[in-house]
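Q: I would like to learn how to read some features of a protein model. Can we take them one at a time, general idea and then the case at hand?

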2 protein chains.
Amino acid sequence: MSEPRALSGYWLRDNCPCADCRDPGNGQKLFQITDLPADLAVQETTERDGHLEVRWTDGHRSRYPLTWLAGATADRDHPRDRPGDHRTEAGKRLWRAADFAAGIPEAHWDAHLADPAERAAVLRAVRHLGFAVLRGVPTEDRQVLAVARTFGHVRVTNYGELFDVRVEPDPNNLAFTSAAITPHTDNPYRDPVPTLQLLHCLENAAEGGDSGLVDGFAAADLLRTEAPEDFALLTRTPVPFAFRDRSTELRAERPLIETDALGRIREIRFNNRSIGTLRLPAADLDAFYAAYRRFAAITLRPELQLAFRLDPGDCLIFDNTRLLHARTAFDGDGRRHLQGCYADLDSLASTLAVLDRHTEALDTLQDLFEGEGAREYLGEAVTQAEHMLQAAALAERDGAPAHLVAAALLHDVGHFHGAVTGAQLMAGTDNRHSHTGADLLARWFGPEVTEPVRLHVAAKRYLCTVEPEYRAALSPASEHTLQVQGGPMGAEEAAAFAALPGAADAVTVRRWDDRAKTADTRTPGFDHFRPLLARLLATAPGEPV
Amino acid sequence: MSEPRALSGYWLRDNCPCADCRDPGNGQKLFQITDLPADLAVQETTERDGHLEVRWTDGHRSRYPLTWLAGATADRDHPRDRPGDHRTEAGKRLWRAADFAAGIPEAHWDAHLADPAERAAVLRAVRHLGFAVLRGVPTEDRQVLAVARTFGHVRVTNYGELFDVRVEPDPNNLAFTSAAITPHTDNPYRDPVPTLQLLHCLENAAEGGDSGLVDGFAAADLLRTEAPEDFALLTRTPVPFAFRDRSTELRAERPLIETDALGRIREIRFNNRSIGTLRLPAADLDAFYAAYRRFAAITLRPELQLAFRLDPGDCLIFDNTRLLHARTAFDGDGRRHLQGCYADLDSLASTLAVLDRHTEALDTLQDLFEGEGAREYLGEAVTQAEHMLQAAALAERDGAPAHLVAAALLHDVGHFHGAVTGAQLMAGTDNRHSHTGADLLARWFGPEVTEPVRLHVAAKRYLCTVEPEYRAALSPASEHTLQVQGGPMGAEEAAAFAALPGAADAVTVRRWDDRAKTADTRTPGFDHFRPLLARLLATAPGEPV
C-alpha cells in the first residue's frame with residue numbers, strides 16, 4: 001500500500017469510476033460489494049496527469065481524478081457538521097420569531113412560476129428555515145395542488161388529495177372547528193409522516209384565525225441545552241399516536257424528538273390531541289411526562305412564536321418534520337377557508353438541486369462564451385463566441401424553434417477546453433468536438449438539443465455528398481477541417497446518416513453554422529439567449545444523463 | 001395518593017376519558033399537556049361500579065373503567081416485546097426460504113376483492129411476513145394501481161404513478177435491462193422511502209427473469225447474532241444514497257439498518273447501485289466496509305433466498321422497508337413486462353385494522369343475536385332476535401335498499417345489555433335503547449343506518465299523532481311502552497321530527513318493526529344478513545365515530 005494519504009481500500013474500490021464499475025449513462029454501480037474479493041488490496045499507486053492511478057491485487061485498474069479525491073476526503077473527520085441530505089439540524093438556521101422582524105420568506109406566485117432563481121429561493125427557504133409563503137396564488141379550488149406540483153408530488157392520504165380547513169358541522173378533527181389550536185405537527189399517527197404541508201388561504205374574513213409557526217428544532221435545541229436528560233428521554237421513548245374514524249385506524253409509535261444515527265435532531269412529532277396511551281412502568285411515565293411537559297412549555301414561549309395572517313391568495317409551505325403550526329381561535333360565524341395538502345421534502349430537495357444545476361449550467365456556458373469563447377475560431381474572421389452567437393441569431397431570425405436556436409448557439413461548445421470536466425474525463429469522454437459538446441450538453445439538455453450538436457460535423461460531410469454546390473461554398477478553413485473529419489460521406493454512409501434521429505435538425509443547424517462567420521456583425525450576447533436556455537432546461541424530460 | 005396500583009399521575013390524567021378532556025365524537029384530546037397544573041396530584045380515588053374514580057387536586061374528576069386500566073397497564077414492563085405499530089421486528093415472523101416449502105402467502109384477486117376475510121389475510125401476510133402474491137389480477141395496463149387502491153394510496157414519485165419494468169433502450173436504471181439484479185431495497189435515495197412496493201406481471205415469456213425475496217430483518221438478525229459490533233456499526237453510520245437523472249437529484253443519508261428508539265430492527269436500506277461516497281476517517285471506512293460486506297454476504301446465503309416465478313396476472317406486494325427483492329438475468333429478447341408502483345404501510349395497516357374492526361363488529365352482532373337475543377322480547381310472542389330478523393325479512397321482501405334492511409335488522413340492538421361497552425360507558429352514553437343502539441352502530445355504520453335506528457322510537461310517537469289508525473293497531477306491550485316513551489307527539493314536535501334527516505326512513509323501519517311480532521314464523525338467521533352488513537361496512541364513509 002502506498003496511498004498518498006490514508007485511504008480505505010474497499011472504499012476506494014467501491015468508488016472506482018471506470019466504465020466496468022459504473023454505468024457511464026446512469027451512474028449506477030454495476031457490481032455488488034460482495035463481488036470484491038475478500039483479500040482485496042492496493043498493489044501500486046501512481047500520481048499522473050492529475051489522477052491517482054491504482055493497480056489492485058485482483059488485477060483491476062482504477063483512475064481517480066485528484067480533484068475528486070480531495071473533495072471526497074475533505075471534512076471526513078467531522079461528519080456531524082456536514083448538512084448531508086439537509087434533513088437534520090446540521091446546516092439549517094434555527095430561528096426565533098424576532099429573526100423575521102424584517103419580514104418572512106416570501107415570493108409572488110408569478111415570480112415563483114416564471115423565474116427559476118425565485119423558485120429556488122422559495123425552496124431553499126423551506127429547506128433552511130422550514131417555511132416560505134407564496135403571495136398572489138389564485139384563490140381557486142384545488143390550486144394548492146398546482147403549488148405542490150411546482151416542486152414535488154402530492155401525498156394522498158385518507159383525507160384525499162387535499163383537505164378543506166373550515167368549520168364543519170360534525171368534525172372528525174379539531175382543525176375543522178373554530179377553536180384555537182396550539183403549536184403542533186400534523187399527522188403524527190402516519191408513518192411515513194407527510195414531510196411537507198401546504199396551506200392555501202381561499203378566504204379569511206374571520207375575526208382571529210391568525211397563523212403561528214414555531215421552530216421545533218430550535219425548541220428541541222433549547223431542551224437539549226436546558227435539560228439534556230429530558231431531551232435524551234424524549235428521543236428514546238416511542239410514543240403511540242393514533243387516529244381513528246369509521247374508515248381509518250392509523251397508528252405510529254415514534255419518539256417526540258427523533259435524532260439521526262449521529263445524534264442530530266431530525267424530526268419532531270408533537271400533537272397532544274393524538275397521543276394515545278403509553279404503556280410503561282409508572283416511574284418511566286413520570287419521567288416521560290416531566291420531560292414532555294418541559295418540552296411543551298418551551299414550544300409555547302412567546303419568543304418562539306412567529307405569528308402572521310394568511311390572506312386570500314397566500315399559500316404557506318412548511319416542513320412538517322420540523323415546524324409546529326398553530327392558529328388562534330376565530331369567530332365561528334366568520335368565513336375562513338384554507339385548502340391544504342401534503343407533499344414530501346425529498347422531491348422538494350431534488351427540484352432545488354436540479355434548479356441549482358441549471359443555474360450552474362447557464363453560468364458555466366456563460367463563462368465559456370465570455371472567457372475562452374473570445375479566442376480566435378480556427379482561422380475564421382470571428383471569435384468562437386461570435387460564431388456561435390451569429391449562428392443562434394440566424395436561427396432566431398429564421399423563426400426556428402427554441403431547441404434549434406439552442407443547438408445553433410451551443411453547437412461548438414465542445415471546442416472549449418474548459419467544457420471537458422473532470423467528471424467527463426473520469427467517464428472516458430474523447431475530445432472529438434461534436435461528441436464532446438453533445439455529451440457535455442446531455443448533462444442538462446434533452447436529445448432535441450444534443451443530437452443536432454452531435455451530428456453537426458457529420459452533417460457537413462453529408463451535405464458535401466448530396467449537394468455539390470454546398471461543398472463549393474465552404475470556407476477555406478472549413479474545407480481543411482472536412483478532410484480531417486473524414487471527407488464527404490460515401491452513398492451508403494449518407495443514407496445511414498439521413499436515417500438518424502436528429503439528422504434533419506443537424507443539417508438545419510449546419511447551414512446556420514456555415515453562414516455564421518461574418519466579421520464585425522452585431523449579434524445579441526449570451527444574456528439574450530439565457531432565458532430561452534432556462535426554459536429548455538426546465539422542460540427537459542427525466543432521462544438518463 | 002391512594003392508587004390501587006402504582007400509576008403515574010400525569011399519565012392517568014392525560015388519559016381522562018371525560019367529555020371535557022376528550023371529544024366524544026372524534027376521540028381527540030381537547031387539552032394541551034401544558035394546560036395541566038404544575039403540581040397536579042391525585043386527591044382521592046375510589047373503586048366503584050367497575051370504575052376507578054379519581055378526584056384531582058385541581059378539582060377535576062375522572063372515571064376510568066377498570067377493564068381499560070388493566071389493559072393500559074398490562075405488559076408495561078416489557079415494551080420491547082409488544083408489536084406496537086407493527087413496523088419493527090417485534091411481533092413479525094422472520095423467515096428462511098424453507099419456511100415456504102408448502103407455498104407462499106397468496107390469494108386470488110376475485111377473493112381478495114369479494115371477501116373481507118381473504119383481503120385481511122393478504123394484508124396480514126404483508127405485515128407479518130413482508131409479502132403476499134395475488135393471482136389472477138387482470139393483465140391490463142395500470143391495473144397495479146387498482147391493486148394498491150384496495151388497501152391504500154399510490155405514492156407518486158419522479159417515475160410517475162407507476163413504472164414499467166422491461167428492457168429499455170437507454171435505461172436510467174439497471175432495472176430496465178435484462179441483467180440479473182441481486183437482492184436490494186428500492187429507492188433508498190428517497191426519504192421517506194416508499195414503504196410498500198407492488199409488482200404486477202403483465203408478460204413473462206423470457207428464459208430466466210425469476211423473482212427472489214430475502215427477509216432483510218432475518219439477515220440483520222443473523223448479523224446481530226454473529227457480529228454484534230458490525231450490526232451496531234451499520235445502525236449508526238449514515239450512508240449517502242443518491243439518484244440522478246436530467247430532471248431528478250435525490251439524496252438521502254440513512255443507515256443500512258435502522259433501529260427504533262428501543263433498539264429494535266425497523267428498516268433496511270440495501271442497494272449498492274446507489275450508495276454514494278461516504279466521507280469518514282479511513283479507519284471508520286475500513287470498519288464500515290467490513291461490516292457492510294459481512295451483512296451483504298448474509299443476504300446472499302442460499303437458505304435466505306426465496307425464489308419463485310411471477311406469471312402474467314400475478315401481483316407481488318411487499319414491504320420495501322424489510323424485504324430485499326431480486327431477479328435472475330433473462331434472455332434480453334424474451335418478453336418480460338412488469339408494472340410496479342409504490343404505496344405505504346401505514347394505510348395498509350389502517351385498512352387491515354378497519355377490516356378487523358368490521359369482522360369484530362359482525363361477530364359482536366352475531367353473538368348478540370345468538371346469545372342475549374334469544375331472550376323474550378318485552379312481553380311479545382317472539383324473542384328479541386326473532387323480532388329483529390322478522391323486521392329485516394319484511395324489509396327485504398319489500399325490496400328495501402341495503403341500509404334499511406340493516407336498520408330493520410339492528411333497530412333494537414340497544415336493548416342488548418352486552419351492546420353497551422366499557423368504551424361507551426366511558427363516553428357517558430345513556431341507555432335509552434334507540435340512542436344506545438344508534439351510538440353503538442355508529443362505530444361501524446354510516447348515518448343512513450344509524451339515524452333510522454335512533455329515530456325509530458320517536459317514529460312511533462310521531463305516527464300515533466299523524467295516523468290515529470296507527471295507534472289503534474299497536475300491540476298492548478307497545479301501547480304500554482308508548483306511555484313510558486312520552487306518549488304521542490304534539491303538533492310542533494311532530495313537525496320538527498318530520499324535518500329530521502332520516503325521519504322518513506325511521507317511519508319505514510317502524511312499520512316493519514310493528515309487524516315483526518308474529519310467533520312461529522320462519523325467518524332467515526343472522527348469517528343470511530351478514531354479507532349485506534359486510535358490504536355496508538366496507539362502503540361506510542370516513543366520518544367521525
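Q: Which residues of α15(A) are buried?
A: Buried means under 20% relative accessible area, exposed over 50%, and partly exposed in between, using a 1.4 Å probe and protein chains only. In the predicted model shown here, the buried residues of α15(A) are A:His456, A:Val457, A:Ala458, A:Ala459, A:Lys460, A:Arg461, A:Tyr462, A:Leu463 and A:Cys464. Helices (H or I, at least four residues) and strands (E, at least two) are DSSP runs, numbered from the N terminus.

Q: Why is helix α15 of chain A described as largely enclosed?
A: Nine of the eleven residues of this helix, which spans residues 456–466, are buried, so the rest of the structure largely encloses it.

Q: What covers the buried residues of α15(A)?
A: Look for contacts, meaning heavy atoms within 4.5 Å. The cover includes α13 (433–441), α14 (447–454), α16 (468–472), α17 (476–484), α18 (491–498) and α19 (503–515) of chain A.

Q: What are the ground rules for the numbering and the values?
A: Residues are numbered from 1 along each chain as its sequence is written, while chains are lettered from A and ligands numbered from 1 in the order in which they are written. For this predicted model, local features need pLDDT of at least 70, side-chain atom pairs count only at pLDDT 80 or more, and totals for chains, interfaces and linings use all residues; side-chain values use heavy atoms, with hydrogens and water left out.

Q: Through what surface do the copies meet?
A: Of the interface residues of chain B, 100% are also interface residues in chain A, so the copies meet through the same surface.

Q: Which peptide bond in chain A is cis?
A: Check omega. The bond joining A:Asp191 and A:Pro192 is cis, with omega about 10 degrees. A:Pro192 sits in the loop between β7 (181–184) and β8 (196–204) of chain A. In chain B, the peptide bond from B:Asp191 to B:Pro192 is cis, with omega near 10 degrees.

Q: Is B:Asn187 buried or exposed?
A: B:Asn187 is buried, at a relative accessible area of 3%. B:Asn187 has a positive phi of about 55 degrees although it is not a glycine. Its place is the loop between β7 and β8 of chain B.
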